[in-house]
Amino acid sequence: MGKLTRAPSRCAPAPSRVAAAPKRVEPFYRSKGWLALRRARMLDADYFAAKERAKEGERLILDHVVERKDGGAPLDPANTQWLTFSERQAKTEREKRRRSGLA
């Protein structure tokens, strides 16, 4: 009696990884006003405090306290705060839950 052989697959092999879509930066965050505000806020104590909290190599993000889509003032320094990348991710998740009514 002969050996059984496996029939060739009709399906193409699945890719090992799916590439993420490139991130698109809103034009506002490349505006002269935002870049000037960001440079000016790098001199504030808030920036240095965030640097202290950051893990080695973690980047800092100038974040709107009240997000622009929620009516926050886009270029008001009082509506901005420096956060570490991980703090910003956590805030984003909280805001998503709040908006969806799950929080």
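Which residues does L60 touch, not counting residues up to four places away in sequence? I will start there. This is a predicted model, and everything I say refers to that model.

L60 touches R38, Y47, A50, K51, A54, W82, L83 and T84, again leaving aside residues up to four places away in sequence. L60 itself sits in strand β1. Buried or exposed, then, at 14% relative accessibility? Buried means under 20% relative accessible area, so L60, at 14%, counts as buried. One of its contacts is Y47. L60 and Y47 are 13 residues apart along the chain, and their C-alpha atoms are separated by 8.2 Å.

T84 belongs to strand β2. Its relative accessibility is 1%, so T84 is buried as well. Setting aside residues up to four places away in sequence, T84 touches A50, R53, A54, E58, R59 and L60.

Now the helices. Take α1, residues 32-41. Within α1, W34, L37 and R41 are buried. These three cover an arc of only 65 degrees around the axis, and therefore lie on the same side of α1. On the other side of α1 we find K32 and R39, which are exposed. What covers the buried residues of α1? The cover includes α2, residues 45-53, together with β1 and β2.

Next is α3, which runs over residues 85-100. How far apart should its ends be? At 1.5 Å a residue, its 16 residues should span 22 Å, and the end C-alpha atoms are 23 Å apart, which agrees. The buried residues in α3 include R88, K91 and E95. Their arc around the axis is only 60 degrees, so they are on the same side of α3. The buried residues of α3 pack against β1, residues 60-64, and β2, residues 80-84. After α3 comes G101, with a positive phi near 85 degrees.

On to empty space. Rolling a probe the size of a water molecule over the atoms shows where empty space is left. In this model, the largest pocket has a volume of about 940 Å³. It is lined by 24 residues, and the closest to its centre are K23, E26, Y29, I61 and R88. Which elements supply the lining? α1, β1 and α3 each give at least two residues, and the largest share, 7 residues, comes from α3. By type, the lining residues divide into 8 nonpolar, 3 polar and 13 charged.

Last, the loop between β1 and β2, where V66 is found. V66 has a relative accessible area of 39%, so V66 is partly exposed. Not counting residues up to four places away in sequence, V66 touches G71, G72 and N79. How far is V66 from R17, C-alpha to C-alpha? The distance in space is 36 Å, and the two are 49 residues apart in sequence.

The loop between the strands holds V66, and V66 is partly exposed. That is all I have.

Terms used: Residues are numbered from 1 along each chain as its sequence is written. This is a predicted model: local features need pLDDT of at least 70, side-chain atom pairs count only at pLDDT 80 or more; totals for chains, interfaces and linings use all residues. Side-chain values use heavy atoms; hydrogens and water are left out. Helices (H or I, at least four residues) and strands (E, at least two) are DSSP runs, numbered from the N terminus. The expected span of a helix is 1.5 Å times one less than its number of residues. Buried means under 20% relative accessible area, exposed over 50%, partly exposed in between (1.4 Å probe, protein chains only). The arc is that of the directions from the helix axis to the C-beta atoms. Contact means heavy atoms within 4.5 Å. On a 1 Å grid over the protein atoms alone, a cavity is a set of points where a 1.4 Å probe fits but cannot get out, and a pocket is an open set with protein on both sides within 12 Å along at least five of seven lines; lining residues have an atom within 4 Å of a point. Grid points are joined across faces, edges and corners, and a volume is the space filled by probe spheres set on the points. Ala, Val, Leu, Ile, Met, Phe, Trp, Tyr, Cys and Pro count as nonpolar, Asp, Glu, Lys and Arg as charged, and the others, Gly among them, as polar.
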